[in-house]
Amino acid sequence: MHLKTIAVLALLPVALHAEEPWGKVDLQTAKSLHDKACTSCHIRMYGGDGSKMYLRDGHMLSNKLELLQRVAACNAQVSSGWFPEEEGAVAAWLNQHYYRFEN
Ligand code: HEC
């Protein structure tokens with residue numbers, strides 16, 4: 001087999017199982033984490049349950065990585081002491097429920 005072909009084949013599994021930016025996370029915990037730490041400001045700004053924050057027109061996020069970074073930035077403001085896995089879980093949960101980014 002041609003060397004180049006071998007190299008391409010070796011890379012294939014990586015491409016097929018592209019990692020989520022948040023890795024493997026436990027979605028079970030995400031909603032309660034979110035509801036505890038993340039709604040106060042958003043409700044103050046938008047009322048209701050605050051979810052309009054994630055559904056507003058012209059939001060600045062365009063992919064999973066930006067969503068994760070936004071979660072981390074907001075989380076830094078509340079000093080909730082979350083682990084990175086918990087930020088990841090909430091980002092993944094927000095994506096599943098609101099953003100639905102594929103990339
Ligand atoms: C201290 C107040 C505050 C808290 C607490 C807070 N946020 Fe935010 N959040 C904001 C503000 C303000 C914005 C909008 C920023 C802007 O418009 O530039 C925002 C925007 C966001 C967005 C982007 C919305 C969009 O699509 O445009 C996400 C996602 C988000 N917050 C997630 C979270 C998560 C997850 C938590 C809990 C860890 C959290 N926020 C806690 C103030 C807060």
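Predicted model: local features only at pLDDT ≥ 70, side-chain atom pairs only at ≥ 80, totals over all residues.
**Exercise 1. State how many helices and strands the protein chain has, and what share of its residues is buried.**

Step 1. The protein chain has 6 helices and 0 strands.

Step 2. From the N terminus on, the order of elements is α-α-α-α-α-α.

Step 3. Of its 103 residues, 17% count as buried.

Step 4. For contacts between residues at least 6 apart in sequence, 69% join residues at least 24 apart. Two residues are in contact if their C-beta atoms, placed from the backbone, lie within 7 Å.

**Exercise 2. Describe the surroundings of leucine 61.**

Step 1. Leucine 61 is found in the loop between α4 and α5.

Step 2. Leucine 61 is partly exposed, with 18 other C-beta atoms within 10 Å.

Step 3. Neighbours within four places in sequence are left aside; leucine 61 is then in contact with Glu66, Leu67, Arg70 and Tyr99.

Step 4. Tyrosine 99 is 38 residues from leucine 61 in sequence, and their C-alpha atoms are 8.8 Å apart in space.

**Exercise 3. Describe how α5 packs on α6.**

Step 1. Two packed helices are described by the angle between their axes and the distance between the axes.

Step 2. For α5 (residues 64-78) and α6 (residues 84-99), the angle is about 125° and the axes are 9 Å apart. Axes are lines fitted to C-alpha atoms, for helices over the stretch in contact, and angles run from 0 to 180 degrees between N-to-C directions.

Step 3. Angles under 35 degrees count as roughly parallel, over 145 as roughly antiparallel, 65 to 115 as roughly perpendicular and the rest as oblique. α5 and α6 are therefore oblique to each other.

Step 4. On the α5 side, the residues in the contact are Lys64, Leu67, Leu68, Val71, Ala72 and Asn75; they meet Glu87, Gly88, Val90, Ala91, Leu94, Asn95 and Tyr99 in α6.

Step 5. By class, this contact of α5 with α6 has 8 nonpolar, 3 polar and 2 charged residues. Ala, Val, Leu, Ile, Met, Phe, Trp, Tyr, Cys and Pro count as nonpolar, Asp, Glu, Lys and Arg as charged, and the others, Gly among them, as polar.

**Exercise 4. Describe how α2 meets α6, and state what covers the buried residues of α6.**

Step 1. The axes of α2 and α6 come within 8 Å and cross at roughly 90°.

Step 2. α2 and α6 are therefore roughly perpendicular to each other.

Step 3. From α2, Leu27, Thr29, Ala30, Lys31, Leu33 and His34 meet Glu86, Ala89, Val90, Ala92 and Trp93 in α6.

Step 4. This contact of α2 with α6 divides into 7 nonpolar, 2 polar and 2 charged residues.

Step 5. The buried residues in α6 include Glu86, Val90 and Trp93. Their cover includes α2, α4 and α5.

**Exercise 5. Find which residues are closest to the ligand, and which element gives the largest share of the shell.**

Step 1. The ligand is surrounded by 20 residues, the closest being Cys38, Cys41, His59, Cys74 and Asn75. A residue counts as near if its C-beta atom, placed from the backbone, lies within 6 Å of the molecule or strand.

Step 2. Two or more residues of the shell come from each of α2 (27-37), α3 (40-46), α4 (52-55), α5 and α6.

Step 3. The largest share, 7 residues, comes from α5.

Step 4. By class, the shell has 13 nonpolar, 6 polar and 1 charged.

How values were computed
Residues numbered from 1 in each chain as written. Helix = DSSP H or I, 4+ residues; strand = E, 2+ residues; numbered from the N terminus. Buried ≥ 20, exposed ≤ 12 C-beta atoms within 10 Å, placed from the backbone.
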